[in-house]
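Have the viewer open as you read.

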Amino acid sequence: MTPSSPNWAIDVHGLNKSFGDKHVVNDVTIQVEAGRICGFLGPNGSGKTTTLRMLCGLLTPDSGSGQALGFDIIREAEAVKLRTGYMTQKFSLYEDLTIAENLQFTARVYGLDRRRERVDKALERLGLASRRGQLAGTLSGGWKQRLALATATLHEPKLLLLDEPTAGVDPKARRTFWDEIHALAAEGLTVLVSTHYMDEAERCHEIAYISYGRLIARGTAAQVIAASGLITFHGEGPGADKLGHALSKAPGVETAAAFGAAIHVSGSDRAALEAAILPYRREPYRWSEVPPTLEDVFIQLMGRSQDNIP
Amino acid sequence: MIGLSLNRVLAVLIKEFKQLTRDRVTYAMMLAIPVVQLTLFGYAINSDPRHLPTAVLAQEDSRYARSLVSALKNSDYFDFVAQARSPAELDEMIRRGEVQFAVTIPGDFSRRVARGDQAQLLVEADATDPSATSGAVAALAALPDQALAHDLTGALAMRGQAVKPFEVIVHRRYNPEAITAYNIVPGLLGIILSLTLVMMTALSVTRETERGTMETLLATPLEPLEVMAGKLAPYVMVGLVQTAIILAMAATLFHVPMSGGWLGLSAGIGLFITGSLALGFLISTVARSQLQAMQMSFFYILPSILLSGFMFPFRGMPAWAQWIGEAIPVTHFLRVVRGSLLKGQGIGDQWRELAALGAFVCVVTALAMARYRRTLD
């Protein structure tokens, strides 16, 4: 990052959105530098989708302001739309059109020139050139997502908004998908991607964590972990994973979660945490302090804020 | 036998019932449809219409003429709404459909009655819908015996009992043989177009919303009018093909007269197809699921069939039902189609119906545009 004069692709302040009496997005401020991948995290119902929809003009914020790609997100929503690719949470291409037809439709809607060439190129890039005549509905989950990504980027947007693009997709397909996202970012595209997967969060340049409609953590993965002030102990040995229930009730323990046969116990008060695990500092258990993972941090963050059940 | 469990049936039953009550529109429709059906069938529909608008051309002003008019009135079938001054004016009134009957009392009527010289009363009926006129025509049979009963005295009265003082000549105009198909087949054009076009387009936006493609569509630079025009254009083709098929079959299989009025007919078809599509689009912006869209379309189709004059004579309905009927585009479209094919009406005779269709198109399109959301708010 260049703190001197950052070139913000997304620069929005104090966004608010309510549905009825539910305050879904509460004073959210997000800045993402051009060409970077920002992971957008938070529990279900925390306002991630609503925020993404406000950024691409699908929803009008109740208050707040800002710019995307230098255009006002409210007054110049049309200009933002033209330069933004948006991929919805649910597969939302036409299942009864073929792969090629879906791409051609998008190409026409955006009034693209050299349509045939662009569609062919996208199919080539996807590796779907030989299956161009296949109905989109018959693709597997991973391929569907890659097709949706190809469609969302067909008009060469400068900003890409992805709403949980890899939910329900197998690990190999997820990796391929993320390789493509990184390739796109390398070409200068800015990406804001919401996800629940920690490995994906770690693949982002930076992270924004939203909970209960509020942005509560921002920065690189390392910054977020450091800012959490979390201390984590790793316990192993036969039956260590079964200590979770007892430990989570102990004072000073904020989270205790089993990882296979091992357990991670985290808290922000070192003295209290050590006191809590003291009774178990005996055979057959072995304890060691480890750097907290992003997941430890997020579970702690989630535990602190009330889940906003939709 | 495989073990059937009442409890498991109950589980499905309870779930089904809960889902049913949760869909408020479906629930409302299930209750509203019988109420609407019963009201329409029970109160609005009358296959023996009375008080039909009638024009009279009295070529003599005599006691007999006045007695005739009041006898016709007393039969309850005829309401005299206009006095024509010439045969041409009378003809125009019946061609335009302003009146159902045109009565001509010839200039020598009294003289011939007095002389017992085959006096005639001419009654022309607009028989495009045979069922609308049959009751009234039947009632005319009793007219010669009663109409002049009080006027004929002395020798004339004696004669009146032996031979009838005059005869009634009935002309069933536009459909002299009272062939029902002449009325039903052109009417079907309106019903079939409504059925397919309204229902098909009612699903168009709802389908996108249900499948989630709407969100993608909204995130593109597409304007509402572009979406509407693009979505509806294919159905305009469907409508035109259907029209061609129906008209071709009407002419070849049913020998429905094709009397002309092509300009008005074309304008009517164009407006009606556009209006039906716009209405379908409007429904699809209101309905939240494809099921609801289907039900709303059905709710529109029902009065289109019952209150438009398609199945039952329009003039047989009470005033309130006629008001509802006037608000339904099928009513006006039927008049244009029947008027063109059977009566050879010119565009000058049809401008009212065409204007009504045009107004419907404008209002519904404006509503649909206003309802179409360019955001998900």
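In this predicted model, Arg174(A) and Asp199(A) form a salt bridge, their closest N and O atoms being 3.3 Å apart; the term stands for a side-chain nitrogen of Lys or Arg within 4 Å of a carboxyl oxygen of Asp or Glu. Arg174(A) sits in helix H6 (residues 171–186) of chain A and Asp199(A) in helix H7 (residues 198–202) of chain A, so the pair ties together parts that are 25 residues apart in sequence. Helices here are DSSP runs of H or I with at least four residues, strands are runs of E with at least two, and both are numbered from the N terminus.

Residues are numbered from 1 along each chain as its sequence is written, and chains are lettered from A in the order in which they are written. Because the model is predicted, local features need pLDDT of at least 70 and side-chain atom pairs count only at pLDDT 80 or more, while totals for chains, interfaces and linings use all residues; side-chain values use heavy atoms, with hydrogens and water left out.

Over all chains, the structure holds 37 salt bridges. Here are some of them:

| Pair | Closest N to O |
|---|---|
| Arg174(A) and Asp199(A) | 3.3 Å |
| Arg211(B) and Asp96(A) | 3.2 Å |

How exposed are the partners? Buried means under 20% relative accessible area, exposed over 50%, and partly exposed in between (1.4 Å probe, protein chains only). Arg174(A) is buried at 11%, whereas Asp199(A) is partly exposed at 39%. Arg118(A) is buried at 13%, while Glu156(A) is exposed at 53%. These two also belong to a salt-bridge network with Asp113(A), Arg114(A) and Glu117(A).

Now to the place where the chains meet. Chain B and chain A bury about 1,700 Å² between them, 52% of it on carbon and sulfur atoms; this is the accessible area (1.4 Å probe) that two parts lose on being put together, summed over both. The contact (heavy atoms within 4.5 Å) takes 18 residues from chain B and 20 residues from chain A. The rule finds two salt bridges across this interface.

Finally, look at helix H11 (residues 224–252) of chain B, whose 29 residues reach 42 Å from first C-alpha to last. Its buried residues, including Val227(B), Leu232(B) and Ile246(B), pack against helices H9, H12, H15 and H16 of chain B.

Technical notes
Expected span 1.5 Å × (residues − 1).
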